[in-house]
Amino acid sequence: MGDLVIVGAGPVGLAAAIEARRANLKAVVLEKGTIVNTLYRWPRETVFFSEARNIEIGGHPFPSLSPKPTRREALQYYRRVAENEALDIRTYTEVTRIHKDAGQFRVSYRDRSGPGELLTRFVLVATGYYDNPNRLGVPGEELPHVRYGLDETLPYWNQQVVVVGGSNSAVEAALELYRAGARVTVVHRGSEIRPRVKYWLKPDFENRVKEGSIQLLLNARILEITPREVVVETNESGYRLLHHLPGDFVLVHIGYRAVDNLLREAGVRYGGDAPLLSEHFETSLEGLFVAGSAGFGSDTRSVFIENGREHAQKAVQEMVRRRADPLAVGV
């Protein structure tokens, strides 16, 4: 039996694995995709909002050509850290169930060879949220031209694109699409673009709207998506208006919620839409911990790599304390 199974090989999961290795805990990281799979799936031209030093893990310096690193730099950094730390990471291994049995956990998984199982004293879930975007809940949402997130801009050249949302990702996508030759309309349910949009994006976006390069509908609600248009209702000065927007593509950027199916199926207690967590980020199931946004339900905007690293550190420190005192339990 091992000491710890970590579910997810993102930056937070890797930070937990480093903490565990340095504390002489026998830890295994299981990841359904490649290492830092979420970052790998980000748009290729992504630039981090955080400075490089704020997303370092394990005390390893993050060299970057500018204060805010690119996605490509991050992929290389986290891969090299994992190699230098000699972490036991098993990629393309999807955890299917976490079950507590007689004081230990059975972690079921499926890899290329089929199903398997690991026995461990502790489990830490660091599955993030990127695989669980919020849905619109409207007819037509399942159509193939409706997409969640933006990868590359070339496929949208000379197309009518409706971007749904009013936060960083929506604003950034709208600007990139406009500069790649798309005709862009942004639809946002609020009365203004969110004030906390990145300070270098917000004025750029507002200026593009003022000059008419990007169309913006506020106080707007999508009613239906058809193969060629998006039906939107707006509330302007108390008047409800219907708009039929041409839409060759619809890109939805309305946030995410935690990927927490493993926690729910394990029987973890919840308060609202988030699990009840101790100060050590332990769930109601003793020995099962959470780090990063996996434990915060729909409140994903408040959890980043920066504070997710701290969650991992506190969780592993508690595991080490209990290993030294087998009778110890959480507070």
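1. Are Phe-62 and Tyr-77 buried or exposed? Phe-62 is buried, and Tyr-77 is buried too. Here buried means under 20% relative accessible area, exposed means over 50%, and partly exposed lies in between, with a 1.4 Å probe and protein chains only. The model is predicted, so local features need pLDDT of at least 70 and side-chain atom pairs count only at pLDDT 80 or more, while totals for chains, interfaces and linings use all residues. Residues are numbered from 1 along each chain as its sequence is written, and side-chain values use heavy atoms, with hydrogens and water left out.

2. The aromatic rings come next. A pair of aromatic rings is described by the distance of the centres and the angle of the planes. Rings of Phe, Tyr and Trp (its six-membered ring) pair if their centres lie within 6.5 Å; planes under 30 degrees apart count as stacked, over 60 as edge-to-face and the rest as tilted. The structure holds nine aromatic pairs. In one of them, the ring centres of Phe-62 and Tyr-77 are 4.2 Å apart and the planes stand at 0°, so this pair is stacked. Phe-62 lies in the loop between helix H2 (37-41) and H3, and Tyr-77 lies in helix H3, so the pair ties together parts that are 15 residues apart in sequence. Helices (H or I, at least four residues) and strands (E, at least two) are DSSP runs, numbered from the N terminus. Ring pairs also link Phe-62, Tyr-77 and Tyr-78 into a cluster.

3. The 15 residues of H3 should span 21 Å at 1.5 Å a residue, and the end C-alpha atoms are 21 Å apart, which agrees; the expected span is 1.5 Å times one less than the number of residues. The buried residues in H3 are Arg-71, Glu-73, Ala-74, Leu-75, Tyr-77, Tyr-78, Val-81, Ala-82 and Glu-85. The buried residues of H3 pack against helix H1 (11-22), H2, strand E3 (89-90) and helix H7 (305-324). After H3 comes Ala-86, whose phi is positive, near 55°.

4. Arg-71 is buried yet has no salt bridge, and the nearest side chain of opposite charge, Asp-151, is 6.6 Å away. A salt bridge is a side-chain nitrogen of Lys or Arg within 4 Å of a carboxyl oxygen of Asp or Glu. Neighbours within four places in sequence aside, Arg-71 is in contact (heavy atoms within 4.5 Å) with Leu-39, Tyr-40, Trp-42, Pro-43, Arg-44, Thr-46 and Phe-48.

5. Side chains of opposite charge can pair when their charged atoms come close. The structure holds 24 salt bridges. One of them joins Arg-106 to Glu-117, with the closest N and O atoms 2.8 Å apart. This pair links distant parts of the chain, Arg-106 in strand E5 (residues 104-111) and Glu-117 in strand E6 (residues 114-125), 11 residues apart. Arg-106 counts as partly exposed at 26% relative accessibility, and Glu-117 is partly exposed at 41%.

6. Asp-248 and Arg-228 form a salt bridge in which the closest N and O atoms are 3.1 Å apart. The two residues are 20 apart and link distant parts of the chain: Asp-248 is in the loop between strand E13 (239-246) and E14, and Arg-228 is in the loop between strand E11 (220-225) and strand E12 (229-236). At 18% relative accessibility Asp-248 counts as buried, whereas Arg-228 is exposed at 59%. The side chains of Arg-257 and Asp-260 also meet in a salt bridge (3.3 Å, N to O), and both residues are buried. A network of salt bridges links Arg-179, Asp-204, Arg-208 and Glu-211.

Terms used
Lys, Arg positive; Asp, Glu negative; His and termini not counted.
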